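Here is a friendly briefing to read with the model open beside you. Take a look at the fold first, and then we can go through its side chains together.

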Amino acid sequence: MPYSKEELETMLERAKDFMIRKPKASRARIALYAGCAVSMLEQWEKEGLLKLPPVLTHKQRKKLTPWGKGLY
């Protein structure tokens, strides 16, 4: 079921707003907040509608979790 223009605009605005508020967020978190898939965000980036943050490396992802700080 395709999205209406209003729904697409809402998702795009939510993604842009979330990236401003949380600049270190991963692409998956942005997509989850916006209510769409990461592939849609990548498609919008190709069309020039928004600029996504770079893909996080494995080490960067581990640092963002509470387990990355150690257990003791």
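R27 counts as buried, at 17% relative accessibility (buried means under 20% relative accessible area, exposed over 50%, and partly exposed in between, with a 1.4 Å probe and protein chains only). This is a predicted model, in which local features need pLDDT of at least 70, side-chain atom pairs count only at pLDDT 80 or more, and totals for chains, interfaces and linings use all residues. Residues are numbered from 1 along each chain as its sequence is written, and side-chain values use heavy atoms, with hydrogens and water left out.

**R27 and its surroundings**
- R27 lies in helix α2; helices here are DSSP runs (H or I, at least four residues), numbered from the N terminus.
- Leaving aside neighbours within four places in sequence, R27 touches V38, L41, E42, E45, L52, P53, P54 and V55, where contact means heavy atoms within 4.5 Å.

**Salt bridges**
- How many salt bridges does a search of the whole structure find? There are two, each defined as a side-chain nitrogen of Lys or Arg within 4 Å of a carboxyl oxygen of Asp or Glu.
- One of them joins the side chains of E42 and R27, at 3.4 Å from N to O. E42 belongs to helix α3 (residues 38–47) and R27 to helix α2 (residues 27–34), so this pair ties together parts that are 15 residues apart in sequence.
- E42 is partly exposed, with a relative accessible area of 33%, whereas R27 is buried.
- R21 and D17 also meet through their side chains in a salt bridge, at 3.4 Å from N to O. These two residues are separated by about one helical turn, because they sit four residues apart in helix α1.
- R21 is partly exposed at 46% relative accessible area, and D17 is partly exposed at 36%.

**A charged patch**
- Which residues form a negative surface patch? They are E6, E7, E9 and E13.
- Patches are made of residues with over 30% relative accessible area and no salt bridge, and like charges are joined within 9 Å; Asp and Glu count as negative, and the charge of Glu is placed at CD.
- E9 is part of helix α1 (residues 5–21) and is exposed, with a relative accessible area of 53%.

**L32**
- L32 is found in helix α2 and is exposed, with a relative accessible area of 72%.
- From C-alpha to C-alpha, L32 and P2 are 18 Å apart in space, and they are 30 residues apart in sequence.

Note on methods: Patch = residues over 30% accessible without salt bridge, like charges linked within 9 Å, V, L, I, M, F, W, Y side chains within 5 Å. Areas by Shrake-Rupley, 256 points an atom, 1.4 Å probe, with all protein chains shown as cover.
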